[in-house]
Amino acid sequence: MKFFKKQSPGRLIALGFALVIFAGALILMLPISVNDGAEVSFINALFTSTSAVCVTGLIAIDTAEHFTVFGRTVVALLIQIGGLGVTAVGVTFILAAGKRVGIKGRLLVKEAMNLNSFKGVVRLVKAVLLMTLCFEGAGVILSFIVFVQDFPPLDALGISLFHSVAAFNNSGFDILGGLQNLIPYQNNVLLNLTTCGLIIFGGLGFLVILDIIKTRSFKKLRLHSKVVITMSIFLLAIGTILLKLTEDITWLGAFFQSVSARTAGFSTYPIGSFTNAGLFVLTILMFIGASPGSTGGGIKTSTFFALMQATKSSATNQHSAAFRRKIPTEVITKAFIITFLALLVVCTGTFALCILEPDCSFIQLFFEVTSAFGTVGLSTGITPDLCVASKVVLIITMFIGRLGPLTIASLWAFKATSNVSYTEETIIIG
């Protein structure tokens with residue numbers, strides 16, 4: 001216990017995610033989890049567990065063909081734990097046991113959800129759980145209407161439950177079999193819009209949704225909520241238009257892929273058949289990702305917004321501002337640091353895969369690594385054929401993407417902050 005008390009919140013969160021991932025991998029290898037005649041190696045079980053907990057959706061083996069109902073239930077639970085966050089789930093169990101959440105627990109939730117204070121932490125966790133239950137419940141009902149037309153009622157209910165959990169938590173897992181994802185339903189308007197709705201609300205962030213429910217007016221929203229909503233609408237619109245222009249798909253398909261790329265990973269068209277232009281558009285959307293405090297990954301919409309405002313203010317020699325509010329300098333600095341670290345992770349991962357997978361094209365590998373970092377799950381179809389070392393690279397990338405590159409970087413901060421002040425001297429930039 002003394003060891004855990006001495007660790008920083010970031011390290012405890014990372015350790016919690018790692019333990020859940022390894023526990024999930026071991027459970028997925030049990031005979032009760034694996035279909036008769038199927039084989040699940042440790043690396044594939046670890047890859048599946050990591051992809052589920054990190055709410056990614058990249059798969060090395062087909063979920064429906066390799067795992068039993070029990071195994072698929074485990075995958076769904078791992079997705080739910082990953083989407084809510086290990087700390088939030090831990091707090092839920094503490095509350096269910098009728099115990100009080102201590103300072104350490106509140107600190108972990110604050111760190112995990114990027115909160116500014118301890119105020120209302122427990123109340124927020126309860127609201128998040130209720131919100132998740134409502135959205136996923138609605139998703140189950142609407143999805144069942146579609147799936148019951150093609151499957152027996154009990155099977156349709158199981159698929160609907162799994163799909164709703166995966167969609168709201170922005171994880172592109174499916175259990176339809178044959179590695180087909182949602183391609184058979186590319187023209188089903190109800191399932192497309194239901195899935196998109198779950199993805200969008202799951203990607204907005206719990207704090208933004210609560211702000212919308214509380215104020216019910218865009219003008220009264222906090223600056224963070226305004227930024228997230230504005231950027232989400234902008235990225236969805238520009239993504240839809242660019243995908244429609246670059247690919248031979250319907251407007252519904254273009255909209256769905258624009259939504260899914262941030263950061264759900266479902267697909268209604270074979271991504272491997274997309275042009276380089278289309279893949280590049282998806283890669284940009286995957287890299288930006290969802291919003292802070294959500295179930296999605298990426299550098300986040302607010303980070304991209306801060307970068308845009310900083311660039312604009314630098315060009316016009318003005319303060320970085322939005323909606324008549326000045327954006328603090330430390331926020332701009334943090335945005336640049338996160339983006340730099342994210343680019344470093346993606347570039348390093350892509351370089352490693354270029355060495356390990358010489359038969360794959362650069363755009364395929366770049367797309368795969370970005371998908372892993374953004375915890376998206378979209379793939380051109382190369383994931384099952386990757387070597388063990390490549391899968392390890394993607395596992396690490398997914399882990400970093402879920403926790404955030406800044407959190408991972410802070411894990412190695414062993415020394416206390418120095419009070420030494422040095423003489424300032426400028427350097428030439430640009």
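How many cavities of 30 Å³ or more does the structure hold? The structure holds 3 of them. A cavity is a set of points, on a 1 Å grid over the protein atoms alone, where a 1.4 Å probe fits but cannot get out, and its lining residues have an atom within 4 Å of a point. Grid points are joined across faces, edges and corners, and a volume is the space filled by probe spheres set on the points.

The model is predicted: local features need pLDDT of at least 70, side-chain atom pairs count only at pLDDT 80 or more, and totals for chains, interfaces and linings use all residues. Residues are numbered from 1 along each chain as its sequence is written, and side-chain values use heavy atoms, with hydrogens and water left out.

**View 1. The largest cavity and its lining.** The volume of the largest cavity is about 60 Å³. Its lining consists of Ile199, Ile200, Gly203, Leu204, Ser232, Leu236, Val259 and Arg262. Helix H10 (189–204) and helix H12 (223–246) each supply at least two of the lining residues; helices are DSSP runs (H or I, at least four residues), numbered from the N terminus. H10 gives the most, with 4 residues. Sorted by class, the lining has 5 nonpolar, 2 polar and 1 charged residues. Here Ala, Val, Leu, Ile, Met, Phe, Trp, Tyr, Cys and Pro count as nonpolar, Asp, Glu, Lys and Arg as charged, and the others, Gly among them, as polar.

**View 2. The second largest cavity.** About 40 Å³ of space lies in this cavity. Phe147, Ile159, Phe162, His163, Phe173, Asp174, Ile175, Leu176 and Leu182 line the second largest cavity. Helix H9 (residues 153–168) contributes the most to this lining, with 3 residues. The classes here are 7 nonpolar, 1 polar and 1 charged.

**View 3. The loop at Gly37.** Gly37 sits in the loop between helix H2 (9–28) and helix H3 (42–53). Gly37 is exposed, at a relative accessible area of 84%. Buried means under 20% relative accessible area, exposed over 50%, and partly exposed in between (1.4 Å probe, protein chains only). From C-alpha to C-alpha, Gly37 and Glu65 are 9.9 Å apart in space, and they are 28 residues apart in sequence.

**View 4. Two cysteines, Cys54 and Cys134.** Cys54 is buried, with a relative accessible area of 0%. Cys134 is partly exposed, with a relative accessible area of 48%. A search of the whole structure finds 0 disulfides, a disulfide being a pair of cysteine sulfur atoms within 2.5 Å.

Notes
1 Å grid on protein atoms, 1.4 Å probe; cavity = no way out; pocket = protein on both sides within 12 Å on 5 of 7 lines; lining within 4 Å.
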